[in-house]
Each structure stands twice: as C-alpha cells, then as structure tokens.
Amino acid sequence: MSKHQITFAPVMTHQETIVAISTPSGAGAIGIIRLSGKKALEITQHFFSKNLSEIAPNTVHFGRFKLGETVLDEVVLSYFKGPNSYTGEDVIELSFHGSNYILTEALNAILEAGATMAEPGEFTQRAFLNGKMDLSQAEAVADLIASESNAEHRLAMHQMRGGFSAEIAKLREELIHFASLIELELDFGEEDVEFANREDLVQLIEKIRAYLKRLMESFRYGNAVKNGVPVAIIGKPNAGKSTLLNALLNDDRAIVSEIAGTTRDAIEDVAVIEGIRFRFIDTAGIRETTDTIEAIGVQKSLEKMKSAAIVLYLYDLKDDAAEHQQTLNKLMAEFDSRQTTFVAIGNKADQLSQVNLTPFESTNGSLTPIAISAKTTAGVDELSKALVNAINSGAVTTGDVVVTNTRHLNALRLTDKALDAALNGIQYGLSGDLVASDIREALHQLGSITGQITTEDLLGNIFGKFCIGK
Ligand code: GDP
C-alpha cells in the first residue's frame, strides 16, 4: 500500500459479522464462503471439526464442516486475523466443493449462527472504511473484476495498487504547502507581509494545472480502454468499406468478437488491437445508407457516426484527390474536432503501379493518408497502428497514471476550475482569504477522489455496483 495515504474517512467499528459466497459455484469449481468481522472465528467454530481457539493468524487448516453430527463437506479453512486481512477485520475463508447444495446449506447454517448476509461490495467497503485502501483503489477492484482485455486489466491493477492515489497525494501535498503559505499571511493580516512570493505561487499553480491537464487528457485513453473506442468507416460506395472492415476484423493482431450492444439490439463488430477494444459503429448501416457522400449530411446514420472517436475516411486512390478534399471538409465540419480523430485511407493501392499520397488539408493541419489494399491487406497493419496511436497519443506508457473513471475526471475538472479561480485571484490581487478558499475547494475535490471526503450517497453508489461477496 502506498505510503502517501494520509487520512481516511472515520474508521467504523462493525458489529455484524458478514458472510457471502464469494466465488460462483459450478461443476468442478471450488465454492468459497467468506466471513468478515469480530465473530468470524466464533461462528465458524460451530461447524468446524477442529478447535480454532488457538490457531495462528494467516494459517490454513483442513477439516470437516459439520451440520450437527452430519458431515456436510471436507473443507480448507484460511484464517486472516485483522487488521492484516483484506477487510481489516478477522476474515475466514472456507473452500468447499462447489456444489450449490453444499454452499446453500453451509451459508444458511452460518446465517442462523449469527452472521449477516453481506451487501454488494461490503467486503471492499469495509476495507475502505478500515483504511486498507482508498476509494480509488476500491473502485479499481470493481474494474479489475470486470476487466476483459489486457489493457483494461493493466490499468485496473495499477490503480488498485495505488498508482493513481499516489499521484493525487502528491498534488495534495503541493497544494497544502501552497495553502499554508497563504494562510500564514492571513494570520499576519494587519501587517501586510507576503510570505508567499506571488510569482512562485503562480508558477506552482501552473505546474499543478499542467499536470491536471495531462491527467484529464489521459481519460481519452482510459475511457477507450474501459468502454471501447467507437470507430466509423465512411466512404463512397465501392470504396472498399466492407472489405476493409473484414480485413481489420481478420487482422492477426485483432481478437474479433461479437457482442450485443448495450444500448441497442444490434450486433457490433469489435476488434481488440493491442488490448484496446475498437467498436465499429453500425457498420451494416453504413454499408446500406452511404449512397452518395454528398447526402451524408442528411443521413440518419450520421447521427450515430457522430459518436465516433475515430473516423476512417476511405477512398479509392484512383479517384481525384480534390473531390475527396471537398468531401472531407464537409464531413469534418459535422464533427467536433476535439472529440474525433480523422484518419484518411487511400484504398486499392494494388491497382496502381505507383502511389502518390497527397496530404489533405484539415482544420487541425494536414492529414497524410495511409495507403492500403483492403483486398490484399497490405498496409492494414500500419492502419491498426494508427488506430492504436490515435488513442494512445499524449504519450501514455505502461507506467503512466491513466484516468479511467468519470467520477475522477469530474473531480479533476472541478479541481482545475478552483485553481483557475485561485490564479485569477492572485493575478488581480484579491485578498489572501479568497485565494485560500479556492485552494481549499481544490483540495476538497482532490480528496473526493481518494475518499478523504465522502458522503453516504457516494459510497452507496460506488459499492452498490459490486457483486455480493466482493
Ligand atoms: P463498400 O461499398 O465501400 O463496402 O465496398 P466493398 O468492400 O463492397 O468493395 C467494393 C469492391 O471493391 C469489391 O468488388 C471489392 O472486392 C473491391 N475492393 C475493395 N478493396 C479493394 C482493394 O484494396 N483492391 C482491389 N483491387 N479491390 C478492392
């Protein structure tokens, strides 16, 4: 755990010992029943064949789980004595043979003996409340459980191990230092002293804001990893959109899966490239509706395409480039250039003996097309790389902290806003107490990420989304 962690929400003492089946049962699987709380040992003793009163912490014991005289199962018992356990309380884990019958009987007996059924996420919530992890780490537990790709797993693991928390703690430290200088001045208010050199303060705020900006920008990648990147392939009929889609889906580097869209019934084409899930938007629709590119503005499918983070603009290299420059201009005007990355792709390179790639001019500078042959798949690798780079830009590397959570993003935005106000305050020579209050607001917002500041609602919202037993 990170040594940067400072204080946590008040430690609560729990009266109840909670219990849950914490792994799914099924043929051949092991079923685990987990208890946490003061009475974990005492309750388990009712059923366990060996004396548990003097077992050492962090030990494993084989024994029989008995209901009265009947042996229900032979089990392995693991004992973790608080505070050195996941929840910070005494924890017992019983590994049963994964039969639904066995697990249900055992769970009912344990409940009758005085344990309470755990709420969703309650084990992790207790871990948070007992200071075993901060809030962003607890949220990462949920992300880890839900992770489906290498990149998702990596980000969740980094966050769970405190990478993000450490960064937030660093920012807080800098701000606290800053606030203390200002508040010192307030103590000497009458004497008109300046402990805090205004230029240094401005520099410090600007440094922090630059870092906040990087964190906020990382959300583009973090969100893409977590939720997939919507991609639209746009181009004239016969440009080769279907062929390209197939090439991308059959790329060796892509793991192709069909998943039901969560918000609609349509099936989505998904390719996972370098751990990032690319979701091709309504590709069936594109195939049918893109009759003339001029008409695109009035097509309904454009609305859907507008949610694309990446637009692949595909054209036939044999076409007149000027025509496509015009179409691209029109098309780009429809999209928000801050949200959408355009990639121009010249197709059917196999039909030309020499390929001349004229860069297109765009509002964000020139756009150099990638030459491919969707048919022979030449250049498709380069395109895959461009897709990954479009998301990965901002130089996100393995060790960097990446924001994956909308709640964190919002808190970072509000922190930035408060710092902006502080900066203005300094520049306009406002009184120190106003500046100090902006800094306190920034500290408050940062603290909400790691859980120094929480509300019941927030905790309910976060832990309610966990499954029972976690
Ligand atoms: P769409 O209407 O944009 O979806 O285009 P299709 O993918 O259906 O392709 C239209 C035609 O172009 C088909 O006959 C494809 O075989 C052909 N085609 C697509 N890509 C290439 C390519 O890279 N080279 C060649 N020679 N033909 C291609």
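Start by selecting Thr 376, in the loop between β15 and α12 (380-392). The model on screen is a predicted one.

**The ligand**

The shell holds 15 residues. The closest are Asn 238, Lys 241, Ser 242, Thr 243 and Asp 350. Colour the shell by class: 7 of its residues are polar, 5 are charged and 3 are nonpolar. Which helix gives the most to this shell? Helix α8, residues 241-249, does, with 3 residues.

Zoom in on the oxygen atoms of the ligand. An N or O atom in the side chain of Thr 243 is 2.5 Å from a ligand oxygen. At Lys 241, look at the backbone: one of its polar atoms is 2.8 Å from an oxygen of the ligand. Do likewise at Ala 239, where a polar backbone atom is 3.3 Å from a ligand oxygen. How much of the ligand does the protein bury? Taken alone, the ligand exposes 580 Å², and the protein buries 76% of that.

Now select residues 341-347, strand β12. Buried here means under 20% relative accessible area.

Then follow the chain out of β11. It passes through helix α11, residues 321-334, to reach β12. This β-α-β crossover is right-handed.

Strand β15 comes next, at residues 370-371. β15 also pairs with β12 in the parallel sense, here over 2 bridges. Select Gly 346 and you will find it opposite Ala 371 in β15.

**The six-stranded sheet**

Strands of a sheet pair through backbone hydrogen bonds, either parallel or antiparallel. What is the order of the strands in the open sheet of 6? Reading across, it is β3-β4-β5-β2-β1-β6, and the pairing is mixed. The edges are β3 (59-67) and β6 (116-117), each pairing on one side only.

Select β5, residues 91-97. This strand is mostly covered, with 5 of its 7 residues buried.

On one side, show β2, residues 30-36. β2 and β5 run antiparallel, joined by 7 bridges. Ile 30 stands opposite His 97 in β5. Arg 34 stands opposite Glu 93, also in β5.

Finish with β4, residues 70-80. β4 and β5 pair in the antiparallel sense over 5 bridges. Which residue of β5 is the bridge partner of Tyr 79? Select Ile 92, the partner of Tyr 79, and the tour is done.

Terms used
Residues are numbered from 1 along each chain as its sequence is written. This is a predicted model: local features need pLDDT of at least 70, side-chain atom pairs count only at pLDDT 80 or more; totals for chains, interfaces and linings use all residues. Side-chain values use heavy atoms; hydrogens and water are left out. A residue is near a molecule or strand if one of its heavy atoms lies within 4 Å of it. A polar contact is a pair of N or O atoms within 3.5 Å; within protein, one must be able to donate a hydrogen and the other to accept it, and residues adjacent in sequence count only if both atoms are side-chain atoms. Accessible areas come from the Shrake-Rupley method with a 1.4 Å probe; for residues, only the protein chains shown count as cover. Helices (H or I, at least four residues) and strands (E, at least two) are DSSP runs, numbered from the N terminus. Ala, Val, Leu, Ile, Met, Phe, Trp, Tyr, Cys and Pro count as nonpolar, Asp, Glu, Lys and Arg as charged, and the others, Gly among them, as polar. Buried means under 20% relative accessible area, exposed over 50%, partly exposed in between (1.4 Å probe, protein chains only). A crossover is right-handed if, with the strands pointing away from the viewer, the path from the first strand over the helix to the second runs clockwise. Two strands pair if DSSP finds at least two bridges between them.
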